[in-house]
Amino acid sequence: MKHRLLDVARILAGCLTLGVAAHGLADSFVITGARVADGTGKALQTANVRVEADTITAVGTFKAKKGERVVDGRGLVLAPGFIDVHNHSTGGLISDPLAESQVSQGITTVVQGPDGESPWPIAEYLEKLRQAPPAVNVLTMVGHATVRTLVMGDDFRRTATDEEVEKMAALVEQGMREGAIGLSSGLEYEVGSYSSTGELVALSEAAARHGGFYMTHIRDEADKSFEAFQEAVTIGRDAPIPVQISHIKLGTVGVWGRAREAVTLFEAARAEGLDVTADCYPYQAWHANIEVTVPNKEYDDPTSVEKALSDVGGAANLTITNCKAHPDYVNRDLEAIAKAEGITPVELFIRIVKDGGADVIGHSMTEKDVRVFYTQPWVMVASDGGIASEHPRGAGTFPKVLGRYVREKHWFTLTEAIRKMTSLPAKRVKLADRGVIRAGMKADLVLFDPKTVIDRSTFEKPQELSEGIRAVFVNGEAVWEKGKAPGARPGRVLTGRPAEPVPTPKVR
């Protein structure tokens with residue numbers, strides 16, 4: 001009986017030991033045989049990569065341990081997770097936390113709050129994401145238009161007073177202390193368009209005091225692009241603060257073909273020592289409200305509207321994606337709608353604005369300019385899309401760059417494209433533990449087939465998922481595999497800098 005009890009004890013002890021070992025192995029896996037693009041731009045190297053819990057612990061020629069899970073990477077490329085520095089999924093991450101349209105294209109980290117509009121209060125939004133994590137990691141900006149509206153209310157169609165600017169700056173500091181990583185502006189949009197350069201410098205100074213950067217949708221992406229580019233540089237110099245030019249483009253006929261001049265302007269600023277970078281999406285079409293096409297805001301003036309339509313290459317280049325007053329206009333261009341209604345495109349435009357406006361996609365850029373911008377080493381890949389986007393960039397940006405600009409058009413090498421998606425944006429948002437594959441870095445990883453990776457989203461079906469992305473890991477957990485999201489939500493709130501005390505000043 002005594003021996004039998006000892007045998008049972010030994011068996012139980014062995015089971016417990018096996019349980020611990022099994023648990024340890026469950027938290028560990030090895031991706032074998034993949035060609036590794038480490039994110040720095042260096043040539044591909046075949047290697048094995050071990051992940052333990054949320055961290056990469058080894059990269060090299062080692063073998064998997066007995067019982068360790070193995071992911072076969074032969075014939076595939078392994079890259080760091082893609083970091084989308086301009087993403088519009090603020091609400092989507094809460095309503096659709098699996099974020100399939102994002103993870104299916106290899107995105108593992110998103111930056112929210114671009115174009116001057118951010119969640120508020122920042123702390124409240126980030127806490128919601130901590131309590132109910134999405135599949136991806138999240139950072140956020142504090143929006144210029146957001147704080148401007150908090151201070152000025154509906155009385156924003158003017159220059160702010162010194163006192164109002166001071167209150168806005170206090171709110172920017174609050175947002176930074178609560179976890180924002182910088183200040184964003186959308187100066188082509190209604191609220192931000194009335195601000196002075198001095199106001200933006202003051203708010204940028206507030207963000208800079210907390211290690212932030214200034215991300216800007218410049219004041220004009222059309223005929224006055226160069227004045228707007230220069231304003232962004234001036235803000236960066238005067239604040240001083242690092243500058244990120246959002247979705248860099250030349251969006252009207254009058255500035256087509258001048259991308260090299262824009263590059264020269266920014267290269268001069270960089271040579272001066274200013275930290276200026278940009279992001280770009282791989283499409284020749286933008287997505288915004290219809291009013292942005294008329295810079296002077298004379299929406300009911302036929303002459304102004306006619307010029308606006310001419311500037312984008314004609315009414316056929318504006319396609320309605322959302323119009324509450326006229327839902328039958330959706331997915332039709334202004335020229336076709338006007339013809340069907342028996343009116344001129346100018347009359348149609350004026351009617352739409354009077355009836356509450358619409359969202360449009362404007363096909364008013366050239367591939368030549370897009371290529372010039374994309375091939376600059378300081379221009380990164382970003383979507384300007386997000387969950388449920390009405391533009392194909394929301395579901396297709398990163399695979400489109402890999403499939404069409406790398407594999408088909410040979411604009412740049414695969415490893416350079418991956419650098420633009422990983423270590424370059426990681427540096428901009430100060431993520432020291434992501435964006436590169438090496439031991440000690442967090443295990444945000446993308447395994448894809450370089451021969452088949454491609455976007456499938458179109459302007460007619462903007463939410464079609466991409467192909468060729470085999471597996472995506474966020475903090476060591478699979479969020480995309482075998483063509484679907486398995487249900488894991490390991491995303492984390494990131495700040496890119498140490499936490500700060502969070503006092504909460506009120507606007508009076």
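Student: Which way do H6 and H8 cross, left-handed or right-handed?
Tutor: In this predicted model, H6 passes H8 in a right-handed crossing.

Student: And what's the angle between the axes of H6 and H8?
Tutor: Roughly 30°, with the axes of H6 (residues 162-177) and H8 (residues 197-208) coming within 8 Å. Angles under 35 degrees count as roughly parallel, so H6 is roughly parallel to H8.

Student: Nice. Which residues make the contact?
Tutor: H6 brings Val-165, Met-168, Ala-169, Val-172, Glu-173 and Met-176, while H8 supplies Glu-199, Ala-202, Leu-203, Ala-206 and Ala-207.

Student: How does the contact of H6 with H8 split by class?
Tutor: There are nine nonpolar residues and two charged ones, with no polar residues.

Student: Let's switch to H11. Which of its residues are buried?
Tutor: In H11 (residues 302-311), the buried ones are Ser-304, Val-305, Ala-308, Leu-309 and Asp-311.

Student: Why do they line one face of the helix?
Tutor: Looking down the axis of H11, the buried residues fall within an arc of 160°, so they line one face. As background, an α-helix has 3.6 residues a turn, so residues three or four places apart point the same way.

Student: What follows H11?
Tutor: Gly-313 does, and its phi is positive, near 90°.

Student: What's the phi of His-247?
Tutor: About 35°, a positive value even though His-247 is not a glycine. His-247 belongs to the loop between S12 and helix H10 (259-271).

Student: Is His-247 buried or exposed?
Tutor: His-247 is buried, with a relative accessible area of 2%.

Student: And Ala-388, what's its phi?
Tutor: Near 65°, again positive in a residue other than glycine. You'll find Ala-388 in the loop between strand S17 (379-381) and helix H15 (393-408).

Methods: Residues are numbered from 1 along each chain as its sequence is written. This is a predicted model: local features need pLDDT of at least 70, side-chain atom pairs count only at pLDDT 80 or more; totals for chains, interfaces and linings use all residues. Side-chain values use heavy atoms; hydrogens and water are left out. Axes are lines fitted to C-alpha atoms, for helices over the stretch in contact, and angles run from 0 to 180 degrees between N-to-C directions. Helices (H or I, at least four residues) and strands (E, at least two) are DSSP runs, numbered from the N terminus. Angles under 35 degrees count as roughly parallel, over 145 as roughly antiparallel, 65 to 115 as roughly perpendicular and the rest as oblique. A crossing is left-handed if the near helix is turned anticlockwise from the far one by less than a right angle, and right-handed if clockwise. Contact means heavy atoms within 4.5 Å. Ala, Val, Leu, Ile, Met, Phe, Trp, Tyr, Cys and Pro count as nonpolar, Asp, Glu, Lys and Arg as charged, and the others, Gly among them, as polar. Buried means under 20% relative accessible area, exposed over 50%, partly exposed in between (1.4 Å probe, protein chains only). The arc is that of the directions from the helix axis to the C-beta atoms.
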